[in-house]
Amino acid sequence: MFSLKRCQNPGCTAYTFNGGDFCYHHSPDKDEKKAVVDNALIYDHAIRDLSITAADFRSVDTRDGLRITGMNFSFCVFDSCTFTNTILLSSFFDFCLFLHCTFRGIEGRYNVFSGSKFIDTTINDSVIIHSNFMGIETEGCNFSSNDFYYSNFSLSHLVNTSLEDCNLKRTSFRSVSTKGVSMKYSNPEAAYLGKEGR
């Protein structure tokens, strides 16, 4: 897991990058640190245990089979990024913005996407179980053909989003607001819908 050491810049409460003295934003070599993460996402087999928050990732096409473990990407922007056959384990993508992104063939467990916004983003043919999507917002997304077993979408706002042919067993949709959402061929009867979910 990424270091829980706090940035030494006065007033900053962010976690440090790789256990150093400063967070990504207050590092004197900020551009070099961003390049390390960019290169790892594109060329390496694995990236782990780093905290890089509120960074912009644009048109990143990750290496096929990349393993992402224990990372902190909170408050980042992912624009036109592609994740193919990626393994996501115990990583934080909370309060991120995903624009025109594609996730395909993902194997994910224990990840946090809470508070994030997904626009025109696709997640297909993936297993993303025991993960937290609480309070997300979606617009024009395709989240079909996935296994979301025991994941949590409570308090989310889903608009024009497809959740077709998904395993929703023990998935929570409590207090979710929806408009133009399809769960055709899925099993919403095995999910926790709550009185407001539909």
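Leaving aside residues up to four places away in sequence, Ser154 is in touch with Met134, Gly135, Ser172, Phe173, Arg174 and Val176. Keep in mind that this is a predicted model.

Where does Ser154 lie? Look in the loop between β14 (146-147) and β15 (157-159). With a relative accessibility of 7%, Ser154 falls under the 20% cut-off, so it counts as buried. Its side chain has polar contacts too: one of 2.7 Å goes to the side chain of Asn152, and another, at 2.7 Å, reaches the side chain of Ser172.

Now for the rings. There are 24 aromatic pairs in the structure.

| Pair | Centre to centre | Angle between planes | Type |
|---|---|---|---|
| Phe113 and Phe118 | 6.3 Å | 50° | tilted |
| Phe113 and Phe133 | 4.9 Å | 5° | stacked |

The pairing of Phe113 with Phe133 spans some sequence. Phe113 is in the loop between β9 (107-109) and β10 (117-119), while Phe133 is in the loop between β12 (126-129) and β13 (137-139), so this pair ties together parts 20 residues apart in sequence.

One more ring to check out: the charged end of Lys34 sits over Phe57, 4.5 Å from the ring centre.

Definitions and conventions:
Residues numbered from 1 in each chain as written. Predicted model: local features only at pLDDT ≥ 70, side-chain atom pairs only at ≥ 80, totals over all residues. Heavy atoms only, no water. Phe/Tyr/Trp six-rings, centres within 6.5 Å; stacked < 30°, edge-to-face > 60°. Helix = DSSP H or I, 4+ residues; strand = E, 2+ residues; numbered from the N terminus. Lys NZ or Arg CZ within 6 Å of the ring centre and 35° of its normal. Buried < 20%, exposed > 50% of the residue type's maximum accessible area, 1.4 Å probe, protein only. Polar contact = N/O pair within 3.5 Å; in protein donor to acceptor, adjacent residues only side chain to side chain. Contact = heavy atoms within 4.5 Å.
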